Structures are given as C-alpha cells and as structure tokens.
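Subject: Structure handover

Hello,

Please find the structure below, followed by notes on what was found in it.

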Amino acid sequence: MITSTRRVSPDKSEVRIAFSLDDTSEVKDVEDANQTFPDLEQRLQPVPPCVALRESVQVYKEHCRMAREFHQVKHDIAVLEDRKRKLLAELVEDEKVAVEIARLEEEFRRLMEENRNLVTVHNERAQQLETLCLTSRATQDSS
C-alpha cells in the first residue's frame with residue numbers, strides 16, 4: 001500500500017491518498033484516464049481516479065458521463081441558437097415583405113381611386129363634348 005500526503009496549495013488542507021499497486025482489477029473498468037473535455041474549465045476536468053478505490057472509479061465514471069452530457073447540452077444549445085438566429089433573420093425578412101405588401105396595397109387603393117376619378121372626369125368631358133358638338137351642329141343647321 002502506498003500512502004501520499006500532499007498540500008494542493010498553501011491555503012488548502014492536506015489531501016491524503018492511499019492506494020495499492022497490487023489490485024488492478026478496477027483499471028479495466030476505468031474509461032480512458034487521460035480523457036479530456038475541452039468544453040470544461042481546467043478546474044472542472046475529471047481527475048483520474050485512484051484505481052484501487054472502487055468509489056473513486058465510480059466517481060470518475062460519473063464525472064466523465066456528466067462531462068459528456070455537458071458537451072452534448074452545449075452542442076444542442078449551439079444548434080438551437082443557430083436555428084433561432086436563422087428564424088429571427090427570416091422573421092425580419094418576412095416583416096420587410098409585409099411592410100412592402102402593405103405599401104403596395106395602399107398604392108393600389110390610391111391608384112384605383114385615382115382611376116375612378118379619371119374615368120368619371122373623362123365621361124363628364126366626353127358628355128360635355130357631345131353636348132357641345134350637338135349644340136354646334138344645331139347652330140350651324142339653323143344658320
């Protein structure tokens with residue numbers, strides 16, 4: 001059995017680790033002990049377990065599982081944020097199209113009203129012209 005006592009930093013208490021090099025059965029159960037997770041801060045990286053302690057191995061495995069889950073959640077969030085960005089861009093474009101449609105509808109209504117007015121004026125002028133022509137013929141016929 002090997003026992004090691006170490007002070008991590010001056011302000012921290014000592015940490016004592018004891019393990020045996022004879023029992024290696026747990027080593028087979030440990031995932032890659034050098035496994036790193038780039039998404040995690042250095043202080044949150046799983047620390048390789050003391051393979052002689054089953055609880056240490058279990059904690060390490062759980063920590064690795066949570067780190068993978070954290071990575072997956074970050075990936076999912078990134079995918080959803082990208083989708084959100086695309087949907088917002090589509091929404092902005094749709095709003096621009098809606099504004100343009102409203103402008104065109106208003107312009108159409110205005111032009112239709114102007115057309116009705118012009119048709120009315122044209123009909124009135126055509127009737128006045130016809131009346132003038134009839135009056136002019138009548139005066140020419142009577143002279």
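Gln-45 sits in the loop that joins strand S2 (14–19) to helix H1 (54–142); helices (H or I, at least four residues) and strands (E, at least two) are DSSP runs, numbered from the N terminus. This is a predicted model, in which local features need pLDDT of at least 70, side-chain atom pairs count only at pLDDT 80 or more, and totals for chains, interfaces and linings use all residues. Residues are numbered from 1 along each chain as its sequence is written, and side-chain values use heavy atoms, with hydrogens and water left out.

Gln-45 counts as buried, at 13% relative accessibility. Buried means under 20% relative accessible area, exposed over 50%, and partly exposed in between (1.4 Å probe, protein chains only). A polar atom of the Gln-45 side chain lies 2.4 Å from the backbone oxygen of Phe-37. Apart from neighbours within four places in sequence, Gln-45 is in contact (heavy atoms within 4.5 Å) with Thr-36, Phe-37, Pro-38, Leu-40 and His-63.

The chain has one helix and two strands, running β-β-α from the N terminus. Buried residues make up 10% of its 143 residues. Helix H1 has 89 residues and reaches 130 Å from its first C-alpha to its last, close to the 132 Å expected; the expected span is 1.5 Å times one less than the number of residues. Val-57, Tyr-60, Cys-64 and Ala-67 are buried in H1.

On cysteines: Cys-50 is buried at 13% relative accessible area, and Cys-64 is buried at 0%. The structure holds zero disulfides (pairs of cysteine sulfur atoms within 2.5 Å).

The count of salt bridges is 11, where a salt bridge is a side-chain nitrogen of Lys or Arg within 4 Å of a carboxyl oxygen of Asp or Glu. Three of them follow.

- Arg-65 pairs with Glu-69, the closest N and O atoms being 2.8 Å apart. These two are separated by about one helical turn because they are four residues apart in H1. Arg-65 is partly exposed at 34%, as is Glu-69 at 46%.
- Arg-109 meets Glu-106 at 3.3 Å, N to O. Both lie in H1, three residues apart, about one turn of the helix.
- Glu-114 meets Arg-110 at 3.7 Å, N to O. Both lie in H1, four residues apart, about one turn of the helix. Salt bridges that share partners also join Glu-62, Arg-65 and Glu-69 into one network.

Regards

Note on methods
A polar contact is a pair of N or O atoms within 3.5 Å; within protein, one must be able to donate a hydrogen and the other to accept it, and residues adjacent in sequence count only if both atoms are side-chain atoms.
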